[in-house]
Amino acid sequence: KASPYTPRKINHPKFRNMSLNAALDYLSDKPDGEFVVRPSSKGEDSLNLTWKFFGSIVVHLNLREGPKLPFMSIAPKLYLNKDEFDSLDDIIHKYIIPCNQHMESLVRHNKFIRGEIDYIESCLVEDKKMNPLHIPYYYGCFENAPQFVVLVYMVKDERSNEKIIKEYIKIKPGGLFFHSLNALTTWLVQRELSITGLSKVLEEG
């Protein structure tokens, strides 16, 4: 059976000539934040970075290579979305490591829950019963939204019905979409929320 990718000769400790399935198997027993760079089926001007983001949540990043001479094993410029990097190490230090540090901080937060969304929603309902005047909220991470932390909270809508809201906040090297976890939490705790209020602030970033 033909390989879905062309093996590459790239001298870097994080590079492996392996398929997606092999990469997932390789990362399965590794700690959160670990990753592997591998060839891309898109061709020899692309690389894939497979990243064990949190638990079973895996992020796949496509790294595009800039122009390179025939003797070069990898281009001197790499692109992740619209950002330019000078090397794989540059991507690791400027993108992967900062994002991992933000996730480590998030997981230590006392409002972070490891669990599915149904479990978090049930916790919100119980919290609201215990303290009706309180705005209950938690953070979580889910497989359907890799590289995002989800703020899940309960408020009353315009008809005074309880409603659970989910806000998806991307983890970026510079912090969360809301600048920082502390800023988001402080804003949520200190203000009486409306459904549109939080959304507006999140959009403004």
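There are 4 aromatic pairs in this predicted structure; rings of Phe, Tyr and Trp (its six-membered ring) pair if their centres lie within 6.5 Å, with planes under 30 degrees apart counting as stacked, over 60 as edge-to-face and the rest as tilted. Take Trp 51 and Phe 53: the ring centres are 5.2 Å apart and the planes stand at 85°, so this pair is edge-to-face. Trp 51 is buried, at 0% relative accessibility, and Phe 53 is buried at 2%. Buried here means under 20% relative accessible area, with a 1.4 Å probe and protein chains only. Trp 51 and Phe 53 also belong to one aromatic cluster with Tyr 95.

Next, Tyr 137 and Tyr 139. They too form an edge-to-face pair, 6.0 Å centre to centre and 80° between the planes. Tyr 137 is buried with a relative accessible area of 5%, and Tyr 139 is buried at 0%.

Which rings does Lys 111 lie over? Lys 111 lies over the face of Tyr 137, 5.1 Å from the ring centre, and over the face of Tyr 138, at 4.9 Å. The criterion is NZ of Lys or CZ of Arg within 6 Å of the ring centre and within 35 degrees of the ring normal.

For the chain as a whole, buried residues make up 43% of the 205 residues.

On the basis of all this: the model is predicted, so local features need pLDDT of at least 70 and side-chain atom pairs pLDDT 80 or more, while totals for chains, interfaces and linings use all residues. Residues are numbered from 1 along each chain as its sequence is written, and side-chain values use heavy atoms, leaving out hydrogens and water.

How values were computed:
Buried < 20%, exposed > 50% of the residue type's maximum accessible area, 1.4 Å probe, protein only.
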